[in-house]
Amino acid sequence: YQRRVHGHEVRSCMAAYSMLKSLDDIMNSLKESGCDIQLGIRMGISAGPCWVGNLGSNQRLNYTCIGEEVSVASKLESMNKLYGTQICMTGFVYEKVKDSMITFPFDYVVVKEKRAPTILYNLLGPCSELGEEDLTMALDFNKAFNLYYTHEYKLAIELYQMLSLKYDLHKLCEVMISKCKLDLTENE
């Protein structure tokens, strides 16, 4: 049967944020006990129709989730590794959560399952739990992305260089600086 879950975009963002907070707690406990292990997680959030449940045959049954948006979320999760981000979401999800979550756009790409480019957003967390520093970070990266998106590559490079010094998103800044430089040389 078909079941619609209302507000699932906000719920999935809250779940992802809660997972990051829990991982931080685990890492702090490990550090206090003298264990020097680094753990990390990455998540991709997309939204759309999918099939969830026990799928298969009488001989082999698996609880799983399948569909185009599940594949997109999987691709987003792996893109986090390239950019050094932890929670990546699509523009569609952003539109649903923008009033309750602090996010910023950081690139636009063509995901294999989609035909048109999609803007990638980094989720920092819920507005109610984050402070002024997180909001400032989101605004700074939003400004840098807008410079890149409007082909102001030289200004974008300068801003990403400053942001790399200011925030712990060095990999993201490096990737975007490289993309700006590539686009600059292609447009000369």
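His151 is placed in the loop between H4 and H5, where helices (H or I, at least four residues) and strands (E, at least two) are DSSP runs numbered from the N terminus. The model is a predicted one, in which local features need pLDDT of at least 70 and side-chain atom pairs count only at pLDDT 80 or more, whereas totals for chains, interfaces and linings use all residues. Residues are numbered from 1 along each chain as its sequence is written, and side-chain values use heavy atoms, with hydrogens and water left out. The phi angle of His151 is near 65 degrees, a positive value in a residue other than glycine. With a relative accessible area of 48%, His151 is partly exposed, a class that lies between buried (under 20% relative accessible area) and exposed (over 50%), as computed with a 1.4 Å probe on protein chains only.

Strands of a sheet pair through backbone hydrogen bonds, either parallel or antiparallel. In this model, four strands form an open sheet in the order S1-S4-S6-S5, with mixed pairing, two strands being taken as paired if DSSP finds at least two bridges between them. Strand S1 (43-45) and strand S5 (101-109) stand at the edges with a single partner strand each, so one side of each is left without a neighbour in the sheet. From one strand to the next the twist averages 30 degrees; axes are lines fitted to C-alpha atoms, for helices over the stretch in contact, and angles run from 0 to 180 degrees between N-to-C directions. Strand S4 (residues 87-89) runs antiparallel to strand S6 (residues 118-126) and is joined to it by two bridges, with Tyr121 in S6 as the bridge partner of Met89. Eight bridges join S5 to S6, again in an antiparallel arrangement, and Val109 stands opposite Thr118 in S6.

Helix H1 (residues 8-32) lies across S1, S4, S5 and S6 and runs at about 170 degrees to S1. Helix H2 (residues 68-83) also packs on the sheet, touching S1, S4, S5 and S6, and its direction makes about 135 degrees with that of S1; contact here means heavy atoms within 4.5 Å. S5 is mostly covered, eight of its nine residues being buried.

A search of the whole structure finds 10 aromatic pairs, where rings of Phe, Tyr and Trp (its six-membered ring) pair if their centres lie within 6.5 Å, and planes under 30 degrees apart count as stacked, over 60 as edge-to-face and the rest as tilted. The rings of Phe104 and Phe141 are stacked, because their centres are 4.7 Å apart and their planes are at 20 degrees. This pair links distant parts of the chain, with Phe104 in strand S5 and Phe141 in helix H4 (residues 132-149), 37 residues apart. Phe104 is buried at a relative accessible area of 0%, and Phe141 counts as buried at 1%. The rings of Phe141 and Tyr167, with centres 5.7 Å apart and planes at 45 degrees, form a tilted pair. Tyr167 lies in the loop between helix H5 (153-166) and helix H6 (170-186) and is buried, with a relative accessible area of 7%. Ring pairs also link Tyr108, Phe145, Tyr148, Tyr149 and Tyr153 into a cluster.

The axes of H5 and H6 come within 9 Å and cross at roughly 165 degrees. That makes H5 roughly antiparallel to H6, the classes being roughly parallel under 35 degrees, roughly antiparallel over 145, roughly perpendicular from 65 to 115 and oblique for the rest. Residues of H5 including Tyr153, Ile157 and Tyr160 meet residues of H6 including His170, Cys173 and Ile177.
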